[in-house]
Amino acid sequence: MSSSTKYIFVTGGVTSSLGKGIISASLGKLLQSRGFSVTIQKFDPYINIDPGTLNPYEHGECYVTDDGGETDLDLGHYERFLNVRTTKANNITTGRIYNNVITKERHGEYLGKTVQVVPHITDEIKRNIFQLGETGQYDFIITEIGGSVGDIESLPFVEAVRQVRWDLGANNAMVIHLTLIPYLKAAKELKTKPTQHSVKELLSYGIQPDILVCRTEHPLSMEIRKKLALFCNVNLNSVIEAMDAETIYDVPLLMKKEKLDERVLAKLKVTTKHEPDLEQWKGFLGKLKNPTSEVSIGLVGKYVSLPDAYKSIAEAFIHAGAQNDCKVHLKWISSEEISKETVENVLGQLDAVLVAPGFGERGLEGKIEAIKYVRENKIPFLGICLGMQCAVVEFARNVLGLDASSTELNPKSKHPVIDMMEEQKKITTKGGTMRLGAYACKLKKGSKANHIYGDTLIHERHRHRYEFNNKYLEQIEEAGLKAVGINPDSNLVEVVELKDHPWFIGVQYHPELRSTVLNPHPLFVKFVAAALEHKSN
Ligand code: GLN
């Protein structure tokens, strides 16, 4: 391991959903803005090898990395905050750890030994922690431990953290515990007892947290801070208040005010390079909070009851809105609500419509109906992945008059304008077998997409099995839906755009996964601009 790399672990206590991902990303941002290189890793305690097979209703969006990892949505926050790419190595589950150990066992690597949680599973966890450090690229590795301390599933991870701490010493590894200080309305009091218990639990595993980050709805008084410090054995200045924020993008500034980064540097005996330079970040926040215009954009999808299912899309609109000094009101619309009869009512007042990615047949006809409406009424449209596929089906049906479909919707379709690639047809297993990760795409000179990107060669991330069926390419292009983005290696269609429409673009990839605070995605930026334009006409 690189002797200079420092390891910061973030554990959670009392309840889940305290926002460990945002705290980790915010700390990462502060360290980065002081000139350090930082990456963030997440350990998830569940048995799935990766979250690719999880229902978005249960777990939110699956975030895809450039190298084709299907990962937890917290990695999206890491990239959006740090503007640095993550990889498969940044998200490890219990399933992955066990899979690695069992594979090694079958290969005879532990011959003669009983393979056990300690040391074999914990060693494999440690190997995955140090793997990032050993690249020599990072001054800090922040490792977020999913779940809450005390969960059966997270025990081996907590034990590995204890060992790393012991192996490397307090100057090289530290633990931040994120906890909740509940407010009892009747007593008008903030309560520290749950935190005391959760620290006690951590102590029973041999871990003394160095810093407490306390989620709270009310400011922590000096009295409460002192109590927490005394009962949890942390320095008074290491009790950090984390008040509910207006936007997640405020959190780095709130953490700076509470001096979280300073405490971390002091504990790890790192001399600071310079004060955090957050000018650009503040510039973004200034624009975000002072919009001069607003638009309403419909997000037509299947998983609209859980906003986390489209997390990256929602965040990309926040970045793009700020860039346009425009507040984007996202209207979440279930595609099942849309039919010939309702479409005007549901979409009529919107300034633009995005049709979302998704899987399976349910709600597909509603998406197609929505696209027909925006195509005919010249409302700006962005179709992402399934949304692009639906746009092709809609066009084939209503413009070419074909009895067309996607084979995902109708395997026996007479005109499968969206179909599975031959290689995909052979695949029988489900996990990690889609077309995943970043692929190149060549944009036709002079196309709208070319103008938007300001480039002819782009790389964007994929996660799908079905593709534009090139048998129909000529026919579809002739009628006005142009394939303006093509994968140079496979000839697969990546981008379509409609002639004689102010803004109608479908992309087979996921642009939302690459939008960050400092690098808002051009497609989203220009889509919001098109919505503004549409509104003013
Ligand atoms: N279900 C479609 C496919 O597998 C689209 C996937 C997506 O929207 N991510 O090709």
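Around the ligand

Modeller: By class, the ligand's shell holds five nonpolar, four polar and three charged residues. Here Ala, Val, Leu, Ile, Met, Phe, Trp, Tyr, Cys and Pro count as nonpolar, Asp, Glu, Lys and Arg as charged, and the others, Gly among them, as polar. This is a predicted model, where local features need pLDDT of at least 70, side-chain atom pairs count only at pLDDT 80 or more, and totals for chains, interfaces and linings use all residues. Residues are numbered from 1 along each chain as its sequence is written, and side-chain values use heavy atoms, with hydrogens and water left out.

Colleague: Which residues surround the ligand?

Modeller: Among them are Phe-359, Glu-408, Tyr-466 and His-510, where near means a heavy atom within 4 Å.

Colleague: What lies 2.9 Å from a nitrogen atom of the ligand?

Modeller: A backbone N or O atom of Gly-358 does. A backbone N or O atom of Arg-463 also lies 2.9 Å from a ligand nitrogen. For Leu-386, a polar backbone atom is 3.0 Å from a ligand oxygen.

Colleague: Which elements give two or more residues to the shell around the ligand?

Modeller: Those are α15 (386–398) and β19 (457–464).

Colleague: Switching topic: where does Lys-340 lie?

Modeller: Lys-340 is in the loop between β13 (326–334) and α13 (343–347).

Colleague: Is Lys-340 buried or exposed?

Modeller: Lys-340 counts as exposed because its relative accessibility is 61%; buried is under 20%, exposed over 50%, partly exposed in between (1.4 Å probe, protein chains only).

Colleague: How far apart are Lys-340 and Val-295 in space?

Modeller: They're 25 Å apart, C-alpha to C-alpha, and 45 residues apart in sequence.

Technical notes
Polar contact = N/O pair within 3.5 Å; in protein donor to acceptor, adjacent residues only side chain to side chain. Helix = DSSP H or I, 4+ residues; strand = E, 2+ residues; numbered from the N terminus.
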